[in-house]
Amino acid sequence: MKLIITDLENFNTPVQGDHKIIKPQGDIRFCIGCFGCWIKTPGECVTHDGYERIGVDLSKCTELILVSRCHYGSVSPFVKTAQDRSISYLSPDFVFYKGEMHHKRRYSNKISLSAYFYGDDITEAEKETARELMEANADNYDGQVEGILFYKSEKELEEITL
């Protein structure tokens with residue numbers, strides 16, 4: 001399954017195959033670091049706001065696609081908050097990966113990560129930051145980066161198929 005996290009309320013990009021789209025639909029609360037998703041309700045956030053199952057959704061996907069306005073080389077606040085709320089995908093245990101300490105995967109699926117950034121004035125420095133950030137995200141998910149693409153507008157995204 002493809003899991004798409006986007007900041008676009010009116011997401012009109014065609015998607016092929018089995019997929020789920022997480023987009024702004026009401027307020028999303030911030031992760032408060034309570035560890036409830038690790039201890040009380042393993043895999044699921046204890047904050048119930050409609051976004052509590054992002055970690056479970058990640059456990060069922062093989063492809064994570066981020067579609068976001070580029071903010072200084074990073075994702076938008078909504079996409080970042082959704083990613084933070086997915087920490088339940090990981091376990092509280094640690095492993096060494098590529099010489100760094102990371103949280104151990106809770107689930108056996110392998111995730112490939114793609115990012116589609118849009119914005120009419122994305123600089124080369126922001127593009128490089130975005131590439132480095134997506135590589136770090138893939139390491140945190142114990143996955144791999146498939147592609148990082150940049151578009152000038154939301155409208156251009158409607159011309160591609162995910």
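Predicted model: local features only at pLDDT ≥ 70, side-chain atom pairs only at ≥ 80, totals over all residues.

Me: Okay. What does helix H4 lie across?
Reply: Helix H4, residues 124-140, lies across E3, E7 and strand E6 (112-118). Its direction is at about 155° to E7.

Me: What's the strand order in the open sheet?
Reply: E2-E1-E3-E6-E7. That's five strands, with parallel pairing.

Me: Which are the edge strands?
Reply: Strand E2 (19-22) and strand E7 (144-151). Each pairs on one side only. The twist from one strand to the next averages 15°.

Me: How many bridges join E1 to E3?
Reply: Five. Strand E1 covers residues 2-6, strand E3 covers 63-69, and they run parallel. Leucine 3 has leucine 64 in E3 as its bridge partner.

Me: Which strands does helix H3 touch?
Reply: E1, E2 and E3. Helix H3 is residues 77-84, and it packs on the sheet with its direction at about 135° to that of E1.

Me: Switching topic. Where is serine 91 found?
Reply: In strand E4, residues 90-97.

Me: Buried or exposed, and why?
Reply: Serine 91 counts as buried because its relative accessible area is 9%, and the cut-off for buried is under 20%.

Me: What does serine 91 touch?
Reply: Leaving out residues up to four places away in sequence, Trp38, His103, Lys104, Arg105 and Arg106.

Me: And what lies 3.0 Å from a polar atom of its side chain?
Reply: The backbone nitrogen of aspartate 93 lies at that distance from the serine 91 side-chain atom.

Notes. Residues numbered from 1 in each chain as written. Heavy atoms only, no water. Pairing = 2+ DSSP bridges. Helix = DSSP H or I, 4+ residues; strand = E, 2+ residues; numbered from the N terminus. Axes fitted to C-alpha atoms, helices over the stretch in contact; angles between N-to-C directions. Contact = heavy atoms within 4.5 Å. Buried < 20%, exposed > 50% of the residue type's maximum accessible area, 1.4 Å probe, protein only. Polar contact = N/O pair within 3.5 Å; in protein donor to acceptor, adjacent residues only side chain to side chain.
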